[in-house]
Amino acid sequence: MKASKTCAIFDLDGTIIRLSSEQVFLRYLLDQGEIPISNLLAWASNFLKVKSLPMAKSNKIHLRGLEQKHLHEIARRCFVETLRPSIAPHISELIHVHRSEGRPVILMSGSLSFLVQPFHEHFQTDLMVSHQLEVVNGRFTGQRVGLHPFAENKAKLAQQLATEHGFDLSASYAYGNHHTDAHKLELFGHPVAVNPDRKLRQIATEKGWQMEK
């Protein structure tokens, strides 16, 4: 009987690192004076209109007009100086264990693609799913492209990956830290709640999911 093809999907923020990569990067940009005041005012104005922090955070107006290549270079410096040292050692070891067992490892994060990319390269993961921004003439517009990997969308994207690559999710592994990750975790035969928030801890306890600190 042919063995099923399995994978391991890891969230980034709160799972591989205990930080928010976008918050760290925003502070990094502000410290270096890389974000124009006009962009910050536009973001604040948008927040007042939508009156929803999640919706405001999904629209990256503060990055509008910034050069893609330059921002990527800054993101790599931020990774080396701040984000890489914050990688949880035991999660790093889990990634290497899955790879050594021949299981494709996937990063799936709602964080910006140029922040996830260095982690993708660092761990030599097989696939990466992240938050994509529109680029016109080499500069970011601040608008999102495609499906944002968040909440139910992560479940949809996991199912798409399973269809495209032939993964058997019922025999695969998924790691996440936030209660919105539950939509994705429940699709997998081996869901793991890593450093879970209160709601995810409750869900994991009720469903008997494994928990990691």
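Author: Strand β2 (residues 105-112) and strand β3 (residues 127-136) run parallel and are joined by 4 bridges. Within this part, Leu 112 stands opposite His 131 in β3. Two strands are called paired if DSSP finds at least two bridges between them; strands are DSSP runs (E, at least two residues) and helices are DSSP runs (H or I, at least four residues), numbered from the N terminus.

This is a predicted model, in which local features need pLDDT of at least 70 and side-chain atom pairs count only at pLDDT 80 or more, whereas totals for chains, interfaces and linings use all residues. Residues are numbered from 1 along each chain as its sequence is written, and side-chain values use heavy atoms, with hydrogens and water left out.

β2 and β3 belong to an open sheet of 7 strands with mixed pairing, in the order β4-β3-β2-β1-β5-β6-β7. The edges are formed by β4 (139-145) and β7 (210-212); each has a single partner strand, so one side of each is left without a neighbour in the sheet. On average, neighbouring strands of this sheet are turned by 30 degrees against each other, direction ignored. Helix α9 (residues 198-207) lies across β5 (173-176), β6 (190-194) and β7, and runs at about 145 degrees to β7. Such angles run from 0 to 180 degrees between N-to-C directions, with axes fitted to C-alpha atoms, for helices over the stretch in contact.

Asn 137 lies in the loop between β3 and β4, and its phi is near 55 degrees, a positive value in a residue other than glycine. Ala 151, in the loop between β4 and α7 (152-165), also is not a glycine and has a positive phi of about 55 degrees. Asn 137 is exposed, with a relative accessible area of 78%, whereas Ala 151 is buried, with a relative accessible area of 7%. Here buried means under 20% relative accessible area, exposed over 50%, and partly exposed in between (1.4 Å probe, protein chains only). In helix α7 itself is found Asn 153, which counts as buried at 18% relative accessibility. Leaving aside residues up to four places away in sequence, Asn 153 touches Leu 147 and His 148, where contact means heavy atoms within 4.5 Å.

A nonpolar core is a set of buried Ala, Val, Leu, Ile, Met, Phe, Trp, Tyr and Cys residues joined through side-chain atoms within 4.5 Å. The largest one has 35 residues, and those with the most contacts inside it include Phe 10, Ile 16 and Phe 119. Among the elements that give two or more residues to this core are the strands β1 (8-10), β2 and β6 and the helices α4 (68-83) and α6 (113-123). Helix α4 supplies the largest share of this core, 6 residues. Phe 119 touches Leu 12, Ile 16, Ile 17, Phe 79, Leu 83, Ile 87 and Leu 107, not counting residues up to four places away in sequence. Apart from this core lies another, of 19 residues, among them Leu 157, Ala 158, Ala 193 and Leu 200.

As to the setting of the sheet, the protein chain has 9 helices and 7 strands. Of its 213 residues, 47% count as buried.
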